[in-house]
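Biologist: I'm new to this one. Can you walk me through the fold?
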Amino acid sequence: MRIADLSDIHSGYTARGRLDPVQGGGVPAMQLRDVGVTGDLTVKDLQRYDLGSLADRYFVCGGEVVFRSRGETNIAVAVPDPLPEPVVVTVPLVIVRPNSNRILPEYLAWAINQPDAQRRLGGEAQGTGLRMIPMAALEDLEIAVPDLQTQRRIVELDALVRREGQLLRQLAARRETLVSTILGDTAKAADQKEIAQ
């Protein structure tokens, strides 16, 4: 099913001129740098800006999906629900508001990030220096849409697999540190023994 048939899609807010952060006021704004290339999303330390009065469509409150339309990595991330306060989303991020009766935001982000979907989006990329995925390509992207319970199970299993990967990487790093320490201590002990003789 086409993503456009499952959700409302539009671009983020386009600032006229440079954005200068403000202290103690304004609204938090989500920019490209806040959406990590590995799918992490930072919402607690967003910079705030005085943007005046903006249309509601530029804000996310939680339960939406944000898509990186520009750069080498074009992934989607589900926005945590609820957010402490509404957050304005800026271009080149795209806001995808899924129909919650048909598709979970976490599942939608997962589906967009799958290798096959990423290949299809990459085939539509424009630009040579800085590639961009046209919004029409995202709208026309077809994904499988199982029932909500199956979507939930897929998302939960994917989260467990990602967590396992993180733990295995941490374990490998600690093992490497431990072996390095043991080998270093062995080398020092052998050196001191040699000196004592």
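Modeller: One term before we start. A nonpolar core is a set of buried Ala, Val, Leu, Ile, Met, Phe, Trp, Tyr and Cys residues joined through side-chain atoms within 4.5 Å. Also, this is a predicted model.

Biologist: OK. How many residues has the largest nonpolar core?
Modeller: That core has 23 residues. I3, F67, V96, L108, I112, L138 and I143 have the most contacts inside it.

Biologist: Which elements each supply at least two residues of this core?
Modeller: Strands β5, β6 and β8 do, along with α1, α2 (115-123) and α3 (135-140). Helix α1 gives the most, with five residues.

Biologist: What does I3 touch?
Modeller: Leaving out residues up to four places away in sequence, I3 touches I9, V96, L108, I112, L138, E139, L141 and I143.

Biologist: And what lies apart from that core?
Modeller: Another core, of 14 residues. M30, L41, V66 and V79 are among them.

Biologist: Switching to strands. What is the order in the open sheet of four strands?
Modeller: The order is β1-β8-β5-β6, and the pairing is antiparallel. From one strand to the next, the twist averages 25°.

Biologist: How many bridges pair β5 and β8?
Modeller: Four bridges, in the antiparallel sense. Strand β5 covers residues 65-68 and β8 covers residues 93-98. V65 has V96 in β8 as its bridge partner.

Biologist: What about β2? Does it run parallel or antiparallel to β3?
Modeller: Antiparallel: two bridges join β2 (residues 27-30) to β3 (residues 48-49). There, V27 has Y49 as its bridge partner.

Biologist: And which way does β2 run with β7, parallel or antiparallel?
Modeller: Parallel, again through two bridges. The bridge partner of M30 in β7 is V89.

Biologist: Back to α1. Which strands does α1 lie across?
Modeller: Helix α1 (residues 105-113) lies across β1, β5, β6 and β8. It runs at about 165° to β6.

Biologist: How do α1 and α4 cross?
Modeller: Their axes come within 9 Å and cross at roughly 65°. Helix α4 spans residues 148-196. The angle makes α1 roughly perpendicular to α4. The crossing is left-handed.

Biologist: Which residues meet there?
Modeller: From α1, E106, Y107 and W110. In α4 they meet Q151, I154, V155 and D158.

Definitions and conventions
Residues numbered from 1 in each chain as written. Predicted model: local features only at pLDDT ≥ 70, side-chain atom pairs only at ≥ 80, totals over all residues. Heavy atoms only, no water. Pairing = 2+ DSSP bridges. Axes fitted to C-alpha atoms, helices over the stretch in contact; angles between N-to-C directions. Contact = heavy atoms within 4.5 Å. Buried < 20%, exposed > 50% of the residue type's maximum accessible area, 1.4 Å probe, protein only. Parallel < 35°, antiparallel > 145°, perpendicular 65-115°, else oblique. Left-handed = near helix turned anticlockwise from the far one by under 90°.
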